[in-house]
2 protein chains.
Amino acid sequence: MNSNSKPNRVLVVGGTHGNEFTGAYLIKKFQQFPELIRRSSFETLTLFANPRAFTQVRRYIDRDLNHCFSRLDLQNTTLSGYEDLRAKEIDQMFGPNSESPIDFIIDLHSTTTNMGLTLILDNDDSFSLQLAAYLSSINSEVKILTFGYSYPPNRNLLPLRSLGTSSICVEVGAVTQGVLSAEIFLKTEALVHAILDYLSKYNAGEIPSFKNTLTLYKYIEAVDFPRTNNGEIQAMIHPQLEFRDYQPLYPNDPMLLTLDGQTIPYKGNSIVYPTFINEAAYYEKGMAMCLTQKHQIIMND
Amino acid sequence: MNSNSKPNRVLVVGGTHGNEFTGAYLIKKFQQFPELIRRSSFETLTLFANPRAFTQVRRYIDRDLNHCFSRLDLQNTTLSGYEDLRAKEIDQMFGPNSESPIDFIIDLHSTTTNMGLTLILDNDDSFSLQLAAYLSSINSEVKILTFGYSYPPNRNLLPLRSLGTSSICVEVGAVTQGVLSAEIFLKTEALVHAILDYLSKYNAGEIPSFKNTLTLYKYIEAVDFPRTNNGEIQAMIHPQLEFRDYQPLYPNDPMLLTLDGQTIPYKGNSIVYPTFINEAAYYEKGMAMCLTQKHQIIMND
């Protein structure tokens with residue numbers, strides 16, 4: 001978001017991955033009760049992104065919808081998979097050249113990992129950092145994760161929320177794919193309301209006060225499981241690391257456990273803070289976890 | 001198992017559901033290190049039941065393999081789905097009319113619910129009850145669940161383990177579909193060894209001593225979520241019930257929470273012990289949980 005502009009049109013997206021029920025059912029709720037997400041200074045729209053994958057309780061039908069939004073792909077008329085066509089539809093409805101271009105996208109996801117209430121920041125502009133600081137200040141459970149310029153590794157694979165001028169990704173867990181957890185549902189709903197409330201205050205020039213320090217977890221690299229030649233994993237997350245997202249991992253701490261009982265330690269030279277530890281959807285991506293560094297940012301407010 | 005017969009051939013089965021990685025990878029481990037499951041008084045065989053579903057990280061390809069083992073289906077030459085054909089292959093390898101009929105099947109499953117170390121007893125003969133009592137006595141986490149004659153509700157849908165003269169189902173959780181949890185993997189492996197050790201002792205006439213009382217959770221009925229006309233759920237497991245498998249649910253205790261925040265209480269007249277609470281695989285079966293009654297059995301040992 002340009003620091004001088006105000007959001008006029010906000011899009012809340014859920015069900016980009018059809019087996020992430022939290023966002024999918026929240027969108028259904030918001031579509032049934034639109035007054036819940038109505039705010040006076042901007043229009044709030046909703047998108048149930050991948051209805052066919054939802055019906056089949058799968059992440060996607062042909063390929064991950066959240067990789068289909070590069071301009072190259074959106075203009076490629078030879079791409080005809082379900083998600084490629086759906087991405088073009090969504091771009092026509094909400095993209096920068098549509099009749100309803102979106103200033104801010106709230107993209108709802110869930111994770112099988114113990115990431116709690118994670119917000120993934122796509123931009124490190126002052127608007128995004130202030131929003132993150134606000135949300136951290138009103139809920140100490142909130143963690144801020146950023147992939148910076150290293151994500152996505154292949155810039156051809158842009159996510160849905162890249163259609164917006166600005167965006168934030170809500171990533172909440174642990175919750176199994178294909179189930180609704182009331183606790184996760186209610187926490188995610190509360191976060192959506194907090195974000196919308198912040199945007200209202202921002203538009204009214206009433207930026208709330210918040211603490212001066214913001215903790216950011218910055219992506220360094222992904223770690224895969226050791227695998228056989230045919231891609232099968234040969235180790236698991238070590239029990240001492242499982243569910244310990246955002247907790248410090250020291251050099252030589254246990255990281256993985258092979259199927260026959262050998263511990264594989266973390267071999268880095270410095271403390272890292274793993275997250276996305278044992279995400280079901282990332283086995284096929286070759287990721288057992290993401291390593292991050294913990295940063296403290298002094299805010300100028 | 002007839003109380004006078006001794007098991008000569010034992011089959012350990014995993015991967016009947018392709019997205020239950022615990023059993024699937026345990027079978028891979030046992031196939032790589034067969035000495036782990038070798039015992040002197042019987043032959044131990046392994047079966048990786050649904051390799052194609054495993055490759056696709058799905059419960060099944062065409063239909064649940066664990067519903068394909070009625071004689072009617074096995075003899076029906078018009079059934080040509082992947083699992084129907086696979087069931088016939090498995091019957092030819094290990095069924096009662098095969099060259100290697102199986103006396104005892106250990107069937108490894110996992111669950112997204114907090115059922116811990118559950119053993120599902122298919123028979124209530126003295127052999128099965130004694131095995132259950134032994135396993136409960138060596139590990140206080142073990143819970144014994146039985147569906148009795150009411151399961152499966154449609155007797156046409158017989159499970160794979162019905163091929164054996166006797167069988168036990170190991171159902172361990174909570175673990176997400178499509179991931180390996182080291183803790184769950186190690187606990188399941190320990191249970192397999194305990195069962196094999198029991199069978200060794202049984203064959204040697206050395207039935208170990210165990211406590212005289214066995215706690216059994218007996219299936220009463222399944223409870224579904226309220227649903228819309230098109231089958232979508234309208235409520236979630238209430239946060240006060242989530243993850244509380246095998247804990248008492250009293251009349252008027254909160255059971256479900258609608259998407260718009262209304263609590264639906266349990267309306268029965270007596271205490272029940274819910275289990276399979278929020279199992280991902282059962283959404284499509286129309287089950288939010290199973291209600292059980294808690295029974296104490298005085299063993300005659």
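# Reading a cavity and a strand

About 40 Å³ of space lies in the largest cavity.

Biologist: What kind of model is this, and how is it labelled?

Modeller: It's a predicted model, where local features need pLDDT of at least 70, side-chain atom pairs count only at pLDDT 80 or more, and totals for chains, interfaces and linings use all residues. Residues are numbered from 1 along each chain as its sequence is written, chains are lettered from A in the order in which they are written, and side-chain values use heavy atoms, without hydrogens or water.

Biologist: Which residues line the largest cavity?

Modeller: On a 1 Å grid over the protein atoms alone, a cavity is a set of points where a 1.4 Å probe fits but cannot get out, and lining residues have an atom within 4 Å of a point. Volume is the space filled by probe spheres set on the points, which are joined across faces, edges and corners. Here, B:Asn19, B:Glu20, B:Ser110, B:Thr111, B:Thr112, B:Val175, B:Thr176, B:Gln177 and B:Glu279 do the lining.

Biologist: Is strand β1 of chain A mostly buried or exposed?

Modeller: Buried means under 20% relative accessible area, exposed over 50%, partly exposed in between (1.4 Å probe, protein chains only). Strands are DSSP runs of E, at least two residues, numbered from the N terminus. In β1(A), residues 9-14, five of the six residues are buried.

Biologist: Which strands pair with β1(A)?

Modeller: Two strands pair if DSSP finds at least two bridges between them. β1(A) runs parallel to β2(A), residues 43-48, over six bridges, and parallel to β3(A), residues 104-110, over four. A:Val10 bridges to A:Thr44 in β2(A) and to A:Phe104 in β3(A).

Definitions and conventions. On a 1 Å grid over the protein atoms alone, a cavity is a set of points where a 1.4 Å probe fits but cannot get out, and a pocket is an open set with protein on both sides within 12 Å along at least five of seven lines; lining residues have an atom within 4 Å of a point.
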